[in-house]
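Work through these exercises with the structure open beside you. Try each task before you read its solution.

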Amino acid sequence: MMMATADNWQEANQRYLMARVAGVRKALKQHIARVQNQLPEEDDSRAVESALDDATRQLPYAAALDSLCAAFFLSSFERDILLLCAGMELDSGLAPLCAAAQGNSHSPFPTFSLALAALPEAHWSALTPGGPLRRWRLLEVGVGDTLTTSPLRIDERVLHYLTGVSSLEARLQGFVESLPAPGDLPPSQRRQAQWVTDFWSRTQEVSGWPIIHLGGGEKSGKRAIAAFACAALGLQAYVLNGEDIPLAVLEREALARLWEREAALTRSALLIEYDDQVNSHSLVSFMENLQGMLMVASREPLRLRKRLVVNLEVTRPNKGEQQSLWQEVLGPLASRLDGELERVVAQFNLSAQKICAAGAHLRSSLSGEEGEALGPLLWEACRSQARARLEDLAQRIDPAATWDDLILPEPQMQTLRDIATHVRQRAKVYETWGFAAKGARGLGISALFAGASGTGKTMAAEVLAGALRLDLYRIDLSQVVNKYIGETEKNLRRVFDAAETGGAILLFDEADALFGKRSEVKDSHDRYANIEVSYLLQRMETYRGLSILTTNMKTALDTAFLRRLRFIVQFPFPDAAHRAEIWRRIFPSGTPVEGLDLHKLARLNSTGGTIRNIALNAAFLAAEANEPVRMLHILRAARGEYAKLEKVPTEAEIRGWL
């Protein structure tokens, strides 16, 4: 028995196609003979049938033509019209036959009129827009005086398919991309992929396949599950970005028909990905009317009126699976991490794809030196992979301040150290010691930093981020707060969800602008404002990282809100001793100074932030004069800084400076 290979199928398929074209050629010749009242040429039916039988026997599996006819339910007449048009591209002898059959040398092309007259088992329904030839755009109808006399041409993608050359429809390129099947999945995601496979295997398409919605925030996991399930069913998976769906009805309809045809030709399923911000009529209409096997990936549950939706929540691999993945990815390197791997798994909730990427990052960072510490390199590789994408809602701050830069009373310093301890030991207390089993509420680590502007609130957040080796994001509340109902909540969800992977530190600066005292409910807007506050509290209590709120007016915050915060740190206005210490540490070691009197400088009644601005401006004045920083430069800088605040230094503050 002949082995079934791509090469011998290609050859046999080509012979089979040309044998079928020969049958259409024979029908044309017979029609010409009838029209011209001539005796038919020598009957070559036996030769045509013999060639067709030989080609059929040589096919290791179904010919492309037969697969296409089965996929689109073509009648024998519709099949022969398609063959007539394909023959025009493959057999140079068909054009003159078409002209002769129509009695017009200017019509060397197929038409519906010719097909109805010359081909057997003709039926008018083959010409209708709802018939498979035109609905699926297997043929293109050219410009003519009438439908029946307009020239017909086979679609290029269909022609390539019939000849055995399978490539993605050119008009779909740029819209969809192929999803390669993953080698394997973590057990939890493999079970979800198997669920998809089983669901589609036992589902009968009646009024349209149910849509499988893949929910949750694990984008790469959704892709992997979709591709894995499709591969198990012998399907090719493709992905389409929902933002690329056309707004115009005709363009959207054309895209849908092209995809449905491609799916039928190649046995493919489609995954539509979209952000929850995208909620347009065009997207919903496209999903509701698209036929075939369809999956949709978005965070929130999908609700449609015209299609049945089955929701499946996709989660990242659990901690045990992540540990196993790390062991597999790192191989022998895992034994050199000295317990750091456990800390990484506890801190970073990475997908399988990001674990592989972090492992590759680690290997590329190795210097090859014996005894090289791998732990810090692995941690930084994970930070890079987990980095949140919040450019439009938050600013990532690279921490520069350390504990030595922070000048605060000892009680406040101790509270900040306690915050760092809670973040570091979170996994041990919650997971190993079992506190998480009591419930997720209250497990988030939240803090309020209250104090006047410039007292060190943002610096303290930087110090914590640097000490914990975590990313720090300052949330831009002007971008988060939205006047439209529901939008603020969506923006907050985006912030927390994006930061969840790496447990980044979230800094809501001047939080009283959003989280002030909850108002008495007088209308629907007041009611929804209270819902937003409740949503924030809920997310802070379940967020696996540290969230910090800063305010200049602690009294503006609702006491019910304050009770649900784990830490509250009051940043006091610095006294003279603290101001002297700030001045002592404010200038970098490379800055030349001369004659600075810390006791006199401490009389300047300013916060640490103001002192920093004065020191920086004084440094520029000294640099311009090519001199070391002296009291004169600081006095000029202080007067300038006070002028911004519409103040002047008092005599008591600057007495004896010069």
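**Exercise 1: Helix 14 and helix 16**

In this predicted model, the axes of helix 14 (residues 340–347) and helix 16 (residues 375–386) come within 10 Å and cross at roughly 15 degrees. Classify how the two helices are oriented, then describe their contact.

*Solution.* 
Step 1. Recall the description: two packed helices are described by the angle between their axes and the distance between the axes.
Step 2. Compare the angle with the cut-off. Angles under 35 degrees count as roughly parallel. Helix 14 and helix 16 are therefore roughly parallel to each other.
Step 3. Helix 14 and helix 16 cross in a right-handed way.
Step 4. List the residues in contact. Helix 14 supplies Glu340, Leu341, Arg343, Val344 and Gln347. Helix 16 supplies Gly375, Leu378, Trp379 and Cys382.
Step 5. Sort them. The contact of helix 14 with helix 16 holds 5 nonpolar, 2 polar and 2 charged residues.

**Exercise 2: Helix 13 and helix 15**

Describe the packing of helix 13 (residues 319–330) and helix 15 (residues 352–365).

*Solution.* 
Step 1. Start with the geometry. The angle is about 35 degrees, and the axes are 10 Å apart.
Step 2. The crossing of helix 13 and helix 15 is right-handed.
Step 3. Find the contact residues. On helix 13 they are Gln322, Leu325, Trp326, Val329 and Leu330. On helix 15 they are Ala352, Ile355, Cys356, Ala358, Gly359, Leu362 and Arg363.
Step 4. Sort them. The contact of helix 13 with helix 15 has 9 nonpolar residues, 2 polar and 1 charged.

**Exercise 3: Gln327**

Is Gln327 buried, partly exposed or exposed? Which residues does Gln327 touch, not counting residues up to four places away in sequence?

*Solution.* 
Step 1. Locate the residue. Gln327 lies in helix 13.
Step 2. Gln327 has a relative accessible area of 38%, so Gln327 is partly exposed.
Step 3. Look for contacts. Beyond residues up to four places away in sequence, Gln327 touches Ala334 and Leu341.
Step 4. Check one distance. Gln327 and Leu341 are 14 residues apart along the chain, and their C-alpha atoms are separated by 9.0 Å.

**Exercise 4: Cysteines**

How many disulfides does the model have? Are Cys69 and Cys382 buried or exposed?

*Solution.* 
Step 1. Apply the cut-off: the two cysteine sulfur atoms must be within 2.5 Å. The count comes to 0 disulfides.
Step 2. Check Cys69. The nearest cysteine sulfur to Cys69 belongs to Cys85, 13 Å away. Cys69 has 12% relative accessibility, so Cys69 counts as buried.
Step 3. Check Cys382. The nearest cysteine sulfur to Cys382 is that of Cys356, 12 Å away. With a relative accessible area of 0%, Cys382 is buried.

Technical notes: Residues numbered from 1 in each chain as written. Predicted model: local features only at pLDDT ≥ 70, side-chain atom pairs only at ≥ 80, totals over all residues. Heavy atoms only, no water. Axes fitted to C-alpha atoms, helices over the stretch in contact; angles between N-to-C directions. Helix = DSSP H or I, 4+ residues; strand = E, 2+ residues; numbered from the N terminus. Parallel < 35°, antiparallel > 145°, perpendicular 65-115°, else oblique. Left-handed = near helix turned anticlockwise from the far one by under 90°. Contact = heavy atoms within 4.5 Å. Nonpolar A, V, L, I, M, F, W, Y, C, P; charged D, E, K, R; others polar. Buried < 20%, exposed > 50% of the residue type's maximum accessible area, 1.4 Å probe, protein only.
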